[in-house]
Amino acid sequence: MRLGILIAAIALGTIAVAACGSGSTTVGSTERIWDPDDSTKVVKTDDEWRTQLSEEEYHVTREKGTERAFTGRYWDHHEHGNYHCVCCDNLLFTSDTKFESGTGWPSFYQPAVASNVGEVSDRSFGWNRTEVICNRCDAHLGHVFDDGPNPTGLRYCINSVSLTFKKE
Ligand SMILES: [Zn+2]
C-alpha cells in the first residue's frame with residue numbers, strides 16, 4: 001500500500017516537472033536581421049503589430065496614417081547611415097539619396113534597393129497618388145511624387161515614424 005502511494009507520488013512529481021519544463025519555453029526575439037537576399041514576407045496579426053509598435057508607428061504603418069509635417073524624428077536629420085523599416089528591419093533608404101524637400105518629411109530620390117520598396121496606386125481623398133510600401137511587410141511608408149531632384153526626378157516623401165535609422 002505504502003509503496004503504491006510512493007510510486008504514485010513519484011509519478012505525479014515527474015508529471016509536474018515535465019509540465020514546468022514545457023511551460024517555461026521562452027519565445028525568442030522576433031526581430032530579424034536584414035539580409036538583402038531574403039525576400040521572405042513578414043506577416044503578423046494586428047495584435048502582434050500593436051504589441052511591437054508604438055501607437056503612432058502602428059497608425060502610420062498599418063493604418064496608412066501620416067505624421068504631421070515638421071514633427072517627425074528624421075525630416076531634419078543629417079547623419080550618414082541607413083533607414084530601415086520600423087516594422088521588419090528591411091533596408092529602405094540611405095542618407096546618400098536624402099535631400100532637403102522643404103516639406104517637413106524625410107525625402108529621398110530613390111530607394112536603397114529597388115525591390116525592397118513597393119508602389120501602389122492610391123486614389124483616397126480624391127487624389128491620384130502613388131503610395132510607397134515596404135515590400136517585406138507591406139508597411140505604409142508614404143508617397144512618391146515626380147517633382148524630385150536629379151538623377152531620378154522622384155521624391156519619396158516618407159513618414160519618419162515608418163523608419164528606424166542605423167548610423168554607419
Ligand atoms: Zn517592413
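Let's start with the open sheet of three strands, whose order is β2-β1-β9 and whose pairing is antiparallel. Strands here are DSSP runs of E with at least two residues, helices are runs of H or I with at least four residues, and both are numbered from the N terminus; two strands pair if DSSP finds at least two bridges between them. At the edges of this sheet lie β2 (91-94) and β9 (163-167), each pairing on one side only. On average, neighbouring strands of this sheet are turned by 30° against each other, direction ignored, with axes fitted as lines to C-alpha atoms and angles between N-to-C directions running from 0 to 180 degrees. Strand β1 (residues 81-85) joins β9 through five bridges in the antiparallel sense, and H84 stands opposite T164 in β9.

Before going further, please keep in mind that this is a predicted model, in which local features need pLDDT of at least 70, side-chain atom pairs count only at pLDDT 80 or more, and totals for chains, interfaces and linings use all residues. Residues are numbered from 1 along each chain as its sequence is written.

The other sheet to look at is open too, with six strands in the order β3-β4-β8-β7-β6-β5 and antiparallel pairing. Its edge strands are β3 (98-99) and β5 (117-122), each pairing on one side only. Follow β5 to its antiparallel partner β6 (residues 129-134), and you will find six bridges between them; G118 has I133 in β6 as its bridge partner.

Stepping back, the protein chain has three helices and nine strands, arranged along the sequence as α-α-α-β-β-β-β-β-β-β-β-β.

What about the interior? Of the 168 residues in the protein chain, 27% are buried, meaning that 20 or more other C-beta atoms, placed from the backbone, lie within 10 Å of a residue's own. The largest nonpolar core has 26 residues, with C85, C87, L92, C134, Y156 and I158 having the most contacts inside it. Such a core is a set of buried Ala, Val, Leu, Ile, Met, Phe, Trp, Tyr and Cys residues joined through C-beta atoms within 7 Å. Elements giving two or more residues to this core are β1, β2, β6, β7 (140-145) and β8 (155-158). Beyond its neighbours within four places in sequence, C87 is in contact with L53, T61, C134, C137 and A139, contact being C-beta atoms, placed from the backbone, within 7 Å.

Finally, a word on confidence. The mean pLDDT (the predictor's confidence in each residue, from 0 to 100) of the protein chain is 85, and 77% of its residues reach 70 or more. Over residues 5-32 the pLDDT is below 50, and this stretch has three contacts in the model beyond near neighbours in sequence. Where pLDDT is low, the predicted coordinates should not be read in detail.

Technical notes
Two residues are in contact if their C-beta atoms, placed from the backbone, lie within 7 Å. A residue is buried if 20 or more other C-beta atoms lie within 10 Å of its own, exposed if 12 or fewer, and partly exposed in between; C-beta atoms are placed from the backbone.
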